[in-house]
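Please read the numbered points alongside the sequence and the model.

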Amino acid sequence: MTNKVMEKFCLKPNEKEIIIESKKITATVVLMKKNVLDFHDIKASLLDRIHELFGKGVSMQLVSSVHPDPANGLKGKVGKVSYLEKWLTTMTPFTAGETAFGVTFDWDETMGRPEAFLVKNHHHSQFFLKSVTLEDVPDHGRVHFVCNSWVYPAHRYKYTRIFFSNQAYLPCQTPELLRHYREEELKNLRGNGSGELKEWDRVYDYDVYNDLGSPEKGKDYARTVLGGSEEYPYPRRGRTGRKANKADPKSEKRLPLLSLDIYVPRDERFGHVKFSDFLAYALKSLVQVLLPELASLCDKTINEFDTFEDVLNLYEGGVKLSNGKTLSKIRERIPWELLRELARSDGERFLKFPIPDVIKEDKSAWRTDEEFGREMLAGVNPVIIQRLEEFPPKSKLDPEQYGNQNSSIREEHIKEYLNGLTIDEAIEYNRLFILDHHDALMPYLGRINSTTTKTYATRTLLLLQEDGTLKPLAIELSLPHSQGEKHGAVSKVFTPAEKHVEGTVWQLAKAYASVNDSGYHQLISHWLNTHAVIEPFVIATNRQLSVLHPIHKLLHPHFRDTMNINALARQILINAGGVLERTVFPAKFAMEMSAVVYKNWVFTDQALPTDLLKRGVAVPDSSSPHGLRLLIEDYPFAVDGLEIWSAIETWVSEYCCFYYPRDEVVQEDHELQSWWKEIRNEGHGDKKDETWWPKMQTQAELIQACTIIIWVASALHAAVNFGQYPYAGYLPNRPTVSRRFMPEPGTPEYAELEKNPDLAYLKTITAQFQTLLGVSLIEILSRHSTDEIYLGQRDTPEWTTDTKPLAAFESFGKKLIEIENRIVEMNKDSRWKNRTGPVNVPYTLLFPNTSDYSKEGGLTGKGIPNSVSI
């Protein structure tokens, strides 16, 4: 392939007589002017027109890949300056949108196929350059440039902006006269590592998480720096370069709380559609929070739900907007995404929370033991459950520091629930499973319970039954010893019951287990293991892999909006006193706890087959699809996940083998090697000495790494994110906080438990304001944007000119649609009880939605976006 490329771009001009003949090449430039939300910025547009009148337009120059620049033989020759035409006379709509302009270039045949162009914006304001298409280039026909970048006024840059055609090149295959441009562009994106970064800067750089606290407000708002230490390792975030906090030089000065102007490279920010959707969801949620809060001021128990009817009233009532044709037509004529989202036509109620799926058909099915177990396999956190391989369960905490932390569950607690099996038989037949949050939480439990939170570290044992469902056997609630953590744990074991006060106690025990699982899900399964760990890959890819690089082209769609959503999270969600601290039980210790868990993060374990084997829920089996056999056959996340994983792996393998036919090509690709070195040494620098990192010396290692990155950014994130509102939107099902301990017999709390079990339950779990805040947050996080791009889709069909990768991507999309059809059929099959469960919510969180181009978005409960974008 290399020889063909060199023949095509380097040798051809020397093989025949060159006839110089100037040609006119017409081109179409598609761009979007500066906007404010859904509207064009009128002031900016007016100033741009004034600049245009004074001859300060938008200039473009084509770059030759075969004809050297007389002034610099290492660079391709630059063509004559051309300007965008008819800027003054081209009318642009009032609402934000794309506009096409023409431009005409002088080009002679000796300069070959234009492979790049330079652009200078002499206007007052920036614009978003989407694409440039050259028509009828002599001997080459149509040449397309995918740009998708904001171009600021030229004085904002110390260099000239360059864009390359959509032909992929390894570094060694790049036409000689483009190599300098390629290397210069990467140098510009890396920056110099100093100074505060501004919105027009395009710099990708690393920093530690030192921007979460506000120490100037006092010690309650100071937060530990995460990353850069052995005690609190963490993935790196994007650098902003803001000044140090005066109260703590190790911390970065924060922006005002409601400022959304935190630095990320401009091309990483939400598009105007996504940003409008985001603000609409936030506005809608704010109203939904304030109305019940104002009403509660007149209630006899402020900030409390008195009955489950009070909780249900959050969702019922309000103004139901018709889903008929009339509203749909009106909505289609609303040009502004912000208002379109407030006037949804899918049956959602205005000024009320949508009814979560978990209570749509049955208001009480969530209470059943079967549903409690099913959600460990098909709920919002299906990635924790493990097979129990020894009984009683043992702790891995250091006994010298924490004493005896082994489980107190004994055979006499569970033998009557084992369906006639002995403990040994249940373990031998792979029938015992555990949801174990004990070791992750116990080291922090004393500090957590010193706040208003009162909770336990939990272990939940379950039995796999003949019908494929999981039956809870026992829940262990543990606290640190009152005389100090060195004395071990103090534990109580609770077993299933349905009636009288024992039934209420069992419901509370399940609630404490759910509180643990909700906090761990939000902090670890969701934030740490998808959002935080992916950001270093985004940064390294832009710093070390040129846009011409095939691996950049492969991975780029899976990084869309990730840096932006993570920056917003640092600003308003995971910061000191932020929404997460106010709604999830670890509170101020939340992020510090996630750093301790990160110590156990292993990149290669993020591969789904490896994860399933490690958790013991699958065993190696060469005769089974995917090379392993699930021990819980009806495990919707794993069943659908393995299909998705396999499809991604096949696509990545076909793509990488096209560009890297031999291991030597991987080894000799200096950009690829720099990329991988930087991910290990900088992006995940606190784990640089781990031996499990792939060496990136073989085709197989490249395929493995890219498959894991795409899986985590797309399918894994979808599985742990978009089910939040369907399952946790009704907070009694997945409470995030517990406010008092299990009532003891003989106490007033126990008497209340006997007299009014519902009130006792509601007084134990999340309070009203926290509930409203938490539900508002997960409603926003669970919505698909109207500009969503799903797995198997690209934002443009012309993302590369190479036909084999295009064909492989088309096959990938078809495979995903086949998986969609299989998921639909399995969800209809009554044999698979865990796919719908007592609440009758079909498992669609790993339904790819590749076939959907409707751009509707919303709370669909299905669809795998390409990236961690919300």
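**Notes on the predicted model**

1. Leucine 470 is buried, with a relative accessible area of 2%; buried means under 20% relative accessible area, exposed over 50%, and partly exposed in between (1.4 Å probe, protein chains only). This leucine 470 belongs to strand S21, residues 470-480. Helices (H or I, at least four residues) and strands (E, at least two) are DSSP runs, numbered from the N terminus. Between the C-alpha atoms of leucine 470 and glycine 373 the separation is 5.2 Å, although the two are 97 residues apart along the chain.

2. On the basis of these notes: the model is predicted, so that local features need pLDDT of at least 70 and side-chain atom pairs count only at pLDDT 80 or more, while totals for chains, interfaces and linings use all residues. Residues are numbered from 1 along each chain as its sequence is written, and side-chain values use heavy atoms, with hydrogens and water left out.

3. Salt bridges deserve attention. A salt bridge is a side-chain nitrogen of Lys or Arg within 4 Å of a carboxyl oxygen of Asp or Glu, and the whole structure contains 45 of them. In one of these, arginine 182 pairs with glutamate 671, their closest N and O atoms being 2.7 Å apart. Arginine 182 sits in helix H3 (residues 176-190) and glutamate 671 in helix H21 (residues 670-683), so the pair ties together parts that are 489 residues apart in sequence. Both arginine 182 and glutamate 671 are buried.

4. Arginine 734 forms a salt bridge with aspartate 517, with 3.1 Å between the closest N and O atoms. Because arginine 734 lies in the loop between helix H23 (724-728) and helix H24 (748-755), and aspartate 517 in helix H13 (residues 500-544), the pair ties together parts that are 217 residues apart in sequence. Arginine 734 and aspartate 517 are buried.

5. A network of salt bridges links Asp207, Asp211, Arg237, Arg242, Glu252 and Arg570.

6. Patches are made of residues with over 30% relative accessible area and no salt bridge, like charges being joined within 9 Å and nonpolar side chains (Val, Leu, Ile, Met, Phe, Trp, Tyr) within 5 Å. At least two residues of the negative patch come from each of helix H10 (411-414) and helix H11 (423-428). Glutamate 411 is partly exposed, at 38% relative accessible area. Glutamate 390, in the loop between strand S18 (386-387) and helix H9 (399-402), has its C-alpha atom 10.0 Å from that of glutamate 428, 38 residues away along the chain.

7. A nonpolar surface patch consists of Leu46, Ile50, Leu53, Phe54 and Leu88, with about 530 Å² of accessible area together. Leucine 53, in helix H2 (residues 42-53), is exposed, with a relative accessible area of 62%.

8. Is helix H26 mostly covered or mostly uncovered? H26 is mostly covered, with twelve of its 14 residues buried, including Gln768, Gly774 and Leu781. The helix, residues 768-781, reaches 20 Å from its first C-alpha to its last, close to the 20 Å expected at 1.5 Å a residue; the expected span is 1.5 Å times one less than the number of residues.

Terms used
Areas by Shrake-Rupley, 256 points an atom, 1.4 Å probe, with all protein chains shown as cover.
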